Amino acid sequence: MDPERTTILNAQQCEKLQSVLLSEVTVFSLSISHMNLPPLRIQPYAFLIALCNALSKSNVPIADVRLEGSGATHCVARDVYPYNDLDLVFHLGSDKNGLLYSIREILLKQLCVYFEAQTGMEAKPSTLAPYLSKMFITPSVDTKFALFTLPGYAPTNSPSLDLKFVQSIQYPYQFSVNSLQIILPFQTLPAPKATTTATA
C-alpha cells in the first residue's frame, strides 16, 4: 500500500463511519418461492466481527477487511452522498484451493444465528441460502474471489450488504466500486485509515 495515498480519517469522518457500521440494516429474501423467510435485522459491524471470528475458527486467515464503494465515499464526503449498499471486502491470507466454497457455508451458519435469535425457530444453513441474492465464486488461477449479496429490505430503505472474499485479483479494479477504501479494525473503532488509488 502506498503511504502517500493513505490518510487517517478525521473525527467527523470516523463518526459517519461508525454510524454506517453500527446502524442496523434489514435484509430479506428476494426469492418468491421463499416468501415465508422473514426479514432479518443485522448490525453490519457486529456481523462483520462474528463472521471474522467464525472464519478464524475455521482456519480461514484474514489479512484485512475494507469498506469500499459508495458507503466508503459517504463516510469521507463533505456533502451528503447517498449509498444503497455496503461493500465489505475481506482480503484473505491464503490461496488454498477450495477455500472460497467453504466460506459460503460459514456465512450461512452466521445467518442461522440471526434467524434463530429473531424467530425462535431452528434452521439448517442450506434453507437460508435464499437470503443470498448473489452467490458468485471465481476460483481461477489469477483471480480468486467470492461475492455474496444480502439484499436490503426496501420498506425500511436498508442498504444491501455486499460481502466479497478475495484471495487474488488479476486487475486492481476487478470490482466496480469506488477506488476509495477504508480499512476496518476487527474489534474496535479507532481512527481507521482511508486509502485512495488513482485510476489508470
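A residue counts as buried when its relative accessible area is under 20%, as exposed when that area is over 50%, and as partly exposed in between (1.4 Å probe, protein chains only). By this criterion, 7 of the 8 residues of helix 3 are buried, so this helix is largely enclosed by the rest of the structure. The model is predicted: local features need pLDDT of at least 70, side-chain atom pairs count only at pLDDT 80 or more, and totals for chains, interfaces and linings use all residues. Residues are numbered from 1 along each chain as its sequence is written, and side-chain values use heavy atoms, with hydrogens and water left out.

- Helices (H or I, at least four residues) and strands (E, at least two) are DSSP runs, numbered from the N terminus.
- The buried residues of helix 3 are Gly69, Ser70, Gly71, Ala72, Thr73, His74 and Cys75.
- These buried residues pack against helix 1, strand 4 (62–68), strand 5 and strand 9 (181–184), where contact means heavy atoms within 4.5 Å.

**Packing of helix 1 with helix 3**

- Helix 1 (residues 11–22) packs with helix 3 (residues 69–76) at an angle of about 140 degrees, and their axes are 7 Å apart.
- That makes helix 1 oblique to helix 3; angles under 35 degrees count as roughly parallel, over 145 as roughly antiparallel, 65 to 115 as roughly perpendicular and the rest as oblique.
- Axes are lines fitted to C-alpha atoms, for helices over the stretch in contact, and angles run from 0 to 180 degrees between N-to-C directions.
- From helix 1, Gln13, Lys16, Leu17 and Val20 meet His74, Cys75 and Val76 of helix 3.

**Salt bridges**

- The structure holds 3 salt bridges, each defined by a side-chain nitrogen of Lys or Arg within 4 Å of a carboxyl oxygen of Asp or Glu.
- Arg41 and Glu24 form a salt bridge through their side chains, at 3.8 Å from N to O.
- Arg41 lies in strand 3 (residues 40–42) and Glu24 in the loop between helix 1 and strand 2 (25–27), so this pair ties together parts that are 17 residues apart in sequence.
- Arg41 is partly exposed at 42% relative accessibility, whereas Glu24 is exposed at 53%.
- In the salt bridge of Asp64 with Arg66, the closest N and O atoms are 3.0 Å apart, and both residues are buried.
- Lys164 and Asp87 meet in a salt bridge at 2.6 Å, N to O.
- Since Lys164 lies in strand 8 (residues 160–168) and Asp87 in strand 5 (residues 85–92), the pair ties together parts that are 77 residues apart in sequence.
- Lys164 is buried at 5% relative accessible area, and Asp87 also counts as buried, at 5%.
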